[in-house]
Amino acid sequence: MAFQEPQTSLRFPLVALIGNPNAGKTSLFNALTGAYQKVGNYPGVTVEKVTGYYLSQGRKVDVVDVPGMYSTRPVSVDEEIAALVVESGVDGRRPDALVMVLDATNMERNLFLFSQLAESGLPTVVALTMTDLQEGGVDVPRLELELGVRVVPVVAHRKKGLQELKSAVEECLAGMPPPMLELGYPAALNASVTVLRENLAQEGVAMEDSRIRQVVLGLVPPPDGFPPSLLSLLKAEQASLLGKGLQGKMLDAQTRYAWAGKVTRTVVQKGTFRARVVTDRIDSLLTHKVFGLGVFFGVMYLLFQSVYTFSGPLMDLIESGVGRLKDWAGPPLQTMPVVQSLVLDGVLTGVGSVVVFLPQILILFLLIAVLEGSGYLARAAFLMDRLFGWCGLNGRAFIPLLSSFACAIPGIMAARVMPDQRSRLVTVLVAPLMSCSARLPVYVLFIGAFIQPVYGATWAGVALFAMHFVGLAVAIPVVALMQKFAIKGPRSPFLLELPPYQWPRRRDVLNVVLTRGWIFLKTAGTIIFALSIILWALLFFPRSAEADARYQLDFVAKSAAGTVDTSLESYVASRRTQDSYLGQFGKAMEPVFAPLGFDWRIGTAVLAAFPAREVVVSALGIMLDLGGEVDEESPRLREVLQQAQRPDGTPLMCTTTAIGMMLFFALSCQCMSTLAAIKRESNSWRWAVFAFVYMTVLAYLVALAVFQVGSRL
Amino acid sequence: MEPADPRTILFRDLALGMRARVVSVLREDETTHRLVEMGMTPGAEFELIKIAPLGDPVEILLRGYRLCLRKSEGGAFELELLGA
């Protein structure tokens, strides 16, 4: 192998990793680039662009991990991007070489894609993966001969073959011609292509044979610059081919597969794949008619249990950390009460309330990455498709909706697995209906205060379970309505490959967890940071020394009369809240909340919770004169909720209003981060606004029905 | 071994363990085109290896890999039954 001197060009070469889904592309990318990775977005769409680099011959080689594709004729967003990278590049850069990741256990279908990529005109190296699972082995020299490119067997997680792959890439970059394949198209088709090529040349248009063939077969429309004078010739050639029984669109795939089958038979020794035998055995249980569903529900149960069990201590740790941060930041700011309040009550409380969910999200993504890496999630989608079909959803929506039970944000991000834009959008829009972990404090508080004391622990448990089910149940008619009116179209196809089971790779799992965690912190953190400050300002202002003095006088008068039983501090805090902009707004909104059985205090707490629903617990504490330092387990808050009265002496809340309140929280979209995520994923504020409006209206109507019916029983 | 008299069969009538060969493509919609690109070309043979607990979708072994599809999607192909 003759190595050339390092290139002196200004930019580093760009290599695109490309291949079928499940071919081991991401593992190879992780092994090649190690820690040097960057996750961004492709311009204009929300497909993630993962780039990185490795060092070779004293300079960087940039690598882009192209989304998996089955064909260069795209059907999903991911594939559109992949096709675009090959066709014209991204960010104005076309790859200098392709590394096609070829799964040795799935030769024919992978070679189909190779035959298409060979027409891109880019020099190509084949990285042959899964060779350790291919019992008979692959005749690599023969495969190189058949494909006309270097073929390097790699085992990414053992770092085997990486050096050889890098050398092969260098050879490519030094100037290897792109592969030329003889696919064996029918002679009549080749004749038509030749006729057209010659006629195009006469018109001064140069077009590659492969492109002309696609036009003749009707796979792509005639491109811009195709002389209109030749359109009739094109039609005539197409008609003559059809007359010979050479069906247009399918002929191309048929020819490519015939070629791929021939190559596979030459290079693969007959024999079964080890992985397939193991996979068959596991599958006979995991997708079994009866046991399959049992295992499925068991796995889901364990998943949620682990999310709650393991995240608890970590969440406590974060909370106490935020508390300590407040203790540390508070004293030095004492001389500036406004700044102190901004930092403590605004920024730290607001951002802290989001960061506290990080452990749940990390654990959930860890478990999902493990399930996905092992191949089980594809089986779960297979089991669920029919069930989801009844609500018009695709079985693949199962993964995003499952994630949404922990937090809608990762769930919305996971909707990228959907095969088409329409079903992806529907999934994104119903994901926030799933009962996320931030709703839990609300349920715990109200069930603890109004259900458990009256009906006992068993019914409290049932109520908690039921609350988690409400969103899922409501999602069914919501999806049906959305597909009827807002997002029309037929049910999306369910074509899903079931990859062989394998042990998830530690590095790949870790990579997913860290990337997701970081994206969550960035998306949620920035928005929540800004909103925390706004909410804080609405609760803080207007404030004046005169008003404070007036509150203190009122307190003295009231405690003398014995009508107040809180400390001076919390009394003043609550009066300040009442007179704040938000408190005034809450009072103005009282007529809106009255039909739900909420007075202005509860209404204000609900309004305060719109940026982040878990805020409602501390907001209720503030509104009910206990101060903001209460949580859902506080016996004091429960007691006050049970005993609080309206000015006319009737109880503030009862079981009916408590149920209405919980249902309101179950269905409404009180989460700014979610709206930001919807905007990010759908690329428009329109759908974020749509989600907010439909969920809020729905929540209001349900709470209204509960109170209006319940209070008359 | 091929049966002497190849029998045409509908995709939805395939039972577990049956093997079939694609004879021709009956529809030219997007999903069907994708299925052809995934290997369901005329002449391709496959085996029905799993039916989901609720009867649909099904799993087939095609060109050495496992593909799930709905029965309705498989209906786009004219099939002939091979020996089980």
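# Briefing on a predicted two-chain model

P42(B) is placed in the loop that runs between α1 (30-37) and β3 (45-51) of chain B; helices (H or I, at least four residues) and strands (E, at least two) are DSSP runs, numbered from the N terminus. This is a predicted model, in which local features need pLDDT of at least 70 and side-chain atom pairs count only at pLDDT 80 or more, while totals for chains, interfaces and linings use all residues. Residues are numbered from 1 along each chain as its sequence is written, chains are lettered from A and ligands numbered from 1 in the order in which they are written, and side-chain values use heavy atoms, with hydrogens and water left out.

**Surroundings of P42(B)**

- Leaving aside residues up to four places away in sequence, P42(B) touches Q254(A), V22(B), V23(B), S24(B) and V25(B), where contact means heavy atoms within 4.5 Å.
- P42(B) and V25(B) are separated by 17 residues in sequence, and their C-alpha atoms are 7.1 Å apart.

**Interface of chains A and B**

- Chain A contributes 44 residues to the contact and chain B contributes 34 residues.
- About 3600 Å² is buried between chain A and chain B, with 57% of this area given by carbon and sulfur atoms; buried area is the accessible area (1.4 Å probe) that two parts lose on being put together, summed over both.
- On the chain A side, M250(A), F382(A) and L495(A) lose the most area to chain B, and together they account for 20% of what that side buries.

**Chain A as a whole**

- Chain A contains 30 helices and 8 strands, and its C-alpha atoms fill a box of roughly 105 × 55 × 55 Å along the principal axes.
- Of the 713 residues in chain A, 53% are buried (under 20% relative accessible area; exposed is over 50% and partly exposed in between, with a 1.4 Å probe and protein chains only).
- Among contacts in chain A with a separation of 6 or more, 72% join residues 24 or more positions apart.
- The accessible surface of chain A is about 31300 Å², and carbon and sulfur atoms hold 63% of it; the areas come from the Shrake-Rupley method with a 1.4 Å probe, and for residues only the protein chains shown count as cover.

**Helix α5 of chain A**

- Helix α5 (residues 162-173) of chain A has 12 residues and spans 16 Å from its first C-alpha to its last, close to the 16 Å expected at 1.5 Å a residue; the expected span is 1.5 Å times one less than the number of residues.
- In α5(A), 10 of the 12 residues are buried, including L162(A), L165(A), K166(A) and L173(A).
- G175(A), with a positive phi near 115°, follows α5(A).

**Aromatic rings and charges**

- Rings of Phe, Tyr and Trp (its six-membered ring) pair if their centres lie within 6.5 Å, with planes under 30 degrees apart counted as stacked, over 60 as edge-to-face and the rest as tilted; the count is 15 aromatic pairs over all chains.
- The ring centres of F388(A) and F398(A) are 6.4 Å apart and the planes stand at 80°, so this pair is edge-to-face.
- F388(A) belongs to helix α14 (residues 376-389) and F398(A) to helix α15 (residues 398-404) of chain A, 10 residues apart, and both F388(A) and F398(A) are buried.
- F593(A) and F598(A) form a stacked pair, because their ring centres are 6.3 Å apart and their planes lie at 25°.
- The relative accessible area is 5% for F593(A), which is buried, and 1% for F598(A), also buried.
- One aromatic cluster is formed by F296(A), F297(A), F388(A) and F398(A).
- The charged end of K60(A) sits over the ring of Y53(A), 4.4 Å from its centre (NZ of Lys or CZ of Arg within 6 Å of the ring centre and within 35 degrees of the ring normal).
- R543(A) lies over the face of F540(A), 3.8 Å from the ring centre.
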